[in-house]
Amino acid sequence: MSVNPANYFFTSESVGEGHPDKVCDRISDSIVDLFLGHDPHSRVAVETLATTNRVVLAGEIRGPAAITPREMELAAREAIREIGYAQKGFHWQWADIQIYVHAQSVDIAQGVDAAGDKDEGAGDQGIMFGYGCRETPTFMPAPIFYSHKILRLISEDRHKGKLPLLGPDAKSQVTLEYVDGKPVRAARIVVSTQHDEKIDQNEVREMVRPYVQKALPEGWMCEDKYFYVNPTGRFVIGGPDGDAGLTGRKIIVDTYGGAAPHGGGAFSGKDPTKVDRSAAYMARYLAKNVVAAGIADRCTIQLAYAIGVSEPLAVYVATDNSHHVDVTNLGDVLRQLVKLSPRGIREHLQLNRPIYKKTSSFGHFGRDPEDDGHFSWERLDLVSELKRIYKL
């Protein structure tokens with residue numbers, strides 16, 4: 001019996017803003033924004049650990065002396081408060097917050113800083129990937145798109161006070177069926193959400209159901225027997241009180257849900273001189289514009305850098321044989337349209353701004369670009385030029 005490789009099931013997961021690891025991402029990115037808000041050329045690499053009523057910040061910075069450990073502590077507390085943690089085991093006001101942040105290594109700084117004829121170099125070596133496809137209006141893979149959307153809708157109403165019996169910690173997982181390479185329906189859906197001890201599993205299930213139905217296209221809801229909500233039966237203890245969290249532990253949730261490659265580095269807690277972050281944003285920007293221009297239905301881009309070196313060591317472009325024009329020179333065309341040095345990326349996408357706290361929840365990609373600079377890498381401002389070049 002032959003198997004059609006275009007017919008398959010694919011699963012992606014998302015985690016909510018109150019997930020322990022996402023709490024840490026939010027705190028770390030709040031520190032990045034704190035420094036960039038005072039000095040757009042600040043250098044920040046701050047990691048966060050969170051557990052029961054305890055938060056630890058560690059890392060290196062180079063920025064205004066006016067930003068003291070006390071200022072960082074207040075930023076951390078505000079991040080926790082915004083998420084909604086005022087619980088006995090994790091409370092924004094009473095958690096013990098320890099700061100172990102020191103000055104940036106001079107060895108790293110000398111490689112990154114511009115000097116004489118030397119342009120700014122990459123803050124580290126590494127490979128970064130970007131991806132775009134036609135599965136959703138945001139040019140994101142469908143499983144991660146819908147996983148994020150379910151949790152985002154629940155979060156929005158929780159913050160509005162419409163779901164007072166649900167807590168901040170939540171996870172979702174969506175399995176989609178693909179026919180001829182296109183998603184057609186949800187086969188399995190899992191949602192786990194923290195809840196008040198006054199309600200049971202069935203009540204939580206019926207609270208969550210309308211949000212899942214709203215998130216999915218009409219007719220995509222899975223069979224009821226494959227709709228799992230809080231499969232363990234109880235989820236009262238959550239957040240860092242239920243499981244320790246760390247910055248940068250949800251990198252597949254942050255990107256493409258496993259539908260595309262991810263490089264070796266996380267994003268949160270890093271200023272944009274770190275190519276782990278800025279080059280991944282640029283790779284997504286380029287891939288999304290390639291797909292939106294009609295050059296290909298899918299596009300993967302890899303950028304590779306060496307610490308202290310300004311230009312990428314290599315640029316890789318793949319379309320998975322989904323292209324509609326000759327893409328032999330596509331990599332060269334993209335390098336001509338946008339400077340891919342760390343400085344060029346930051347300037348083109350205007351990344352030296354306090355725009356990172358919002359990225360810590362519901363993915364860094366597939367978001368709407370905002371007038372104040374948030375998610376600038378989601379713009380489609382290369383589409384017209386790409387269409388002109390490729391006569392589309």
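**View 1. Asp96 and its salt bridge to Arg54 in the predicted model.** Asp96 counts as partly exposed, at 32% relative accessibility. Arg54 belongs to strand S3 (residues 54–62) and Asp96 to strand S6 (residues 96–103), so the pair ties together parts that are 42 residues apart in sequence.

**View 2. The salt bridge of Lys270 with Asp276.** The side chains meet at 2.8 Å, N to O. Both residues, Lys270 and Asp276, are buried.

**View 3. Asp381 bridged to Arg379.** The closest N and O atoms lie 2.8 Å apart. Asp381 is partly exposed, with a relative accessible area of 42%. Arg379 is partly exposed too, at 21%. Elsewhere, salt bridges that share partners join Glu17, Arg26, Glu82, Arg158 and Lys357 into one network. A search of the whole structure finds 27 salt bridges.

**View 4. Packing of helix H7 (residues 275–292) against helix H9 (residues 342–349).** The axes are 10 Å apart, at an angle of about 60 degrees. H7 and H9 are therefore oblique to each other. Their crossing is left-handed. H7 contributes Val275, Ser278, Ala279, Tyr281, Met282 and Tyr285 to the contact; H9 contributes Pro342, Ile345, His348 and Leu349. By class, the contact has eight nonpolar residues, two polar and no charged ones.

**View 5. Glu73 in helix H2 (residues 69–83).** Glu73 has a relative accessible area of 16% and is buried, because the cut-off for buried is under 20%. Leaving aside residues up to four places away in sequence, Glu73 touches Ile97 and Ile99.

Methods
Residues are numbered from 1 along each chain as its sequence is written. This is a predicted model: local features need pLDDT of at least 70, side-chain atom pairs count only at pLDDT 80 or more; totals for chains, interfaces and linings use all residues. Side-chain values use heavy atoms; hydrogens and water are left out. Helices (H or I, at least four residues) and strands (E, at least two) are DSSP runs, numbered from the N terminus. Buried means under 20% relative accessible area, exposed over 50%, partly exposed in between (1.4 Å probe, protein chains only). Contact means heavy atoms within 4.5 Å. Axes are lines fitted to C-alpha atoms, for helices over the stretch in contact, and angles run from 0 to 180 degrees between N-to-C directions. Angles under 35 degrees count as roughly parallel, over 145 as roughly antiparallel, 65 to 115 as roughly perpendicular and the rest as oblique. A crossing is left-handed if the near helix is turned anticlockwise from the far one by less than a right angle, and right-handed if clockwise. Ala, Val, Leu, Ile, Met, Phe, Trp, Tyr, Cys and Pro count as nonpolar, Asp, Glu, Lys and Arg as charged, and the others, Gly among them, as polar. A salt bridge is a side-chain nitrogen of Lys or Arg within 4 Å of a carboxyl oxygen of Asp or Glu.
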